[in-house]
Amino acid sequence: MLETLLPILIFAALGVAVIGAWRRVRLWRQGRPSAVPLLKGLAAMPRRYLVDLHHVVGRDKVMSNTHVATAGGFVAAAVLMTLVHGLGLANPWLGGLLLLASATMFVGSLFVARRRRNPPARLSRGPWMRLPRSLMAFSLGVFAITLPAVGILPAGVGHWLLGLLLAAVVAWGLAEMVVGMTWGGPMKHAFAGALHLAFHRRPERFSTKAGGEGRSTGLKALDLEDPSAPLGVETPADFTWNQLLGFDACVQCGRCEAVCPAFAAGQPLNPKKLIQDMVVGMAGGSDAHYAGSPHPSQGLGGKPVGEHHGTPHGPIVAREGKALVDAETLWSCTTCRACVEECPMMIEHVDAIVDMRRFLTLERGETPNKAPEVLDNLIATDNPGGFAPGARMHWAADLDLPLIADLQQVDVLLWLGDGAFDMRNQRTLRALVKVLRAAGVDFAVLGNEERDSGDVARRLGDEATFQSLARRNIATLAQYRFQHIVTCDPHSFHVLGNEYGELGGHYRVYHHSTYIAELYESGRLAFRPWKGGSVTYHDPCYLGRYNGEYEAPRNVLRALGIQVSEMERSGFRSRCCGGGGGAPITDIPGKRRIPDMRMNDVEATGASLVAVGCPQCTAMLEGVVDAGAEVRDIAELVADALVARPAVGAFDATRRPQAEEVI
């Protein structure tokens, strides 16, 4: 009887799954066109799954091994079951492999069941709670029906009722594991996720060499010359089709939720729910069936689950009536990219948020709180504070800084950034100038020719102002010759190095911590030993997660003789200070402040000083009331520790200079 029923069940499930796949693809294709290398992407999918995706999943070893057992066992069991029981190619070798695959999957399902017994708050519940039973049903059913095929049990063993029971168990497993992949349910991410890896919006994120890691973090430019091109995203269908595919790949694990600073602060943003809202909009309907943590705005008078509605061609943020997403949700994001860094499906949350902000800013002119004033200042004065452009160099009146306009050619162009107008950051700039001069660096500044890099305009969705500033800066820089740019602002560092290129500006840009580390390694700097208290280091988001620079700042601190007391959340898991993405400007209220939480992290280390490498981080952390630790930029620490060094001509690159008299 099973010999008759099993092929029918297997091929019926595959047929229904194919129909579901066609329906799912139609949902994705509602999005705007996006050219992808079809065959190349499909060919790269196995490596992207086994290497790149598991590089992220592998951060949790238990869940990584669980995923290998369940997912690997399922794929192998599904293929072998089709051969053995669907096509009748039963032999001891294939049957034995099928038993091994299904047994491995069952072991993995036990770990999934343990995980679901008392799941952490970030995990979605609802349909996901039945996943362990479905995994067990499929693996046990396949294992049982294969025993006669390999001769462990005699053919036709048992009563016909047992055969029907086994067929029912297998049908249950097939319905959830095969049909559910394309029709919706806990396994939907398997089908969408595989294709998402193949046709990812940022294929350059994936490694090309063994053990390599790609990095692609620059926002993509809008074509402002094309009058038919949309200015941002108004409806779900305005996303590109592979962005919609990426949203559909969400596994609802909640890793993004767990690391989001806005969510932790009680602001109206949960990145997991935002992605699920996009899936709701793509298919049409409401969020009534969302089974995860809501965004925290419910405690601040926000809408409860079930009150958000959307359609593929309806507005995401409605001016009146029911909306898919509240505007405050989008403006809560600090663009810190912690969600993207932690996502095992490699979804690009920040790209989507900025795309939606662009529409609100460029088409509707709707930006909250001080954002309109800041954008107007950028247009009128080339800086967000509205300061007179001619005042950019007032802080350095006594330093006699060389202007590149006078020299025309230097080794290093020092990019000041808009910290030049901030009295606190002027101390950092003065310290950096002292360090560069102590190392004998040939440098100059643009002076009043420098304009804002455009970072804050772009993150606030004003792509037009960003491109205007960028093109004018690029035209200015084209007049001069220099080897590289050095800046103490990670936001300028990122924009100049990673986002100007699309507009024609290609530069080699250094963060000042990286450059100082290289100066020390080459023997051009010497320091007196550190005699202060314990020190911790705060990783700026735009230096770390955006650009992968974690070691250079720590190398500088070690060169100073400082043993860094690391915070629990450091490196790629560093907590944002709350200063990115225009968040201090939009100022969406929450239950607590992000910088307060970060200073709590600092205090947990017992450090008396927190070293930073970003003017925005400095401002945010120094703004914490009753903070127990002093906040100082790395350049300030280095400048204070400088001692005399041998003459430049006497350098021995193989030997560290010995400390001499203090200068």
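Buried means under 20% relative accessible area, exposed over 50%, and partly exposed in between, with a 1.4 Å probe and protein chains only. The model is predicted, so local features need pLDDT of at least 70 and side-chain atom pairs pLDDT 80 or more, while totals for chains, interfaces and linings use all residues. Residues are numbered from 1 along each chain as its sequence is written, and side-chain values use heavy atoms, without hydrogens and water.

**Exercise 1.** Classify Cys 333 and Cys 336 as buried or exposed.

Solution. Start with Cys 333: its relative accessibility is 8%, so Cys 333 counts as buried. Next, Cys 336 has 6% and also counts as buried.

**Exercise 2.** Work out which residues of helix 25 are buried and what they pack against.

Solution. Helices (H or I, at least four residues) and strands (E, at least two) are DSSP runs, numbered from the N terminus. Helix 25 covers residues 615–622, where Pro 615, Cys 617, Thr 618, Met 620 and Leu 621 are buried. Now look for contacts, meaning heavy atoms within 4.5 Å. The partners of these buried residues include helix 17 (423–438), helix 24 (594–604) and strand 9 (630–633).
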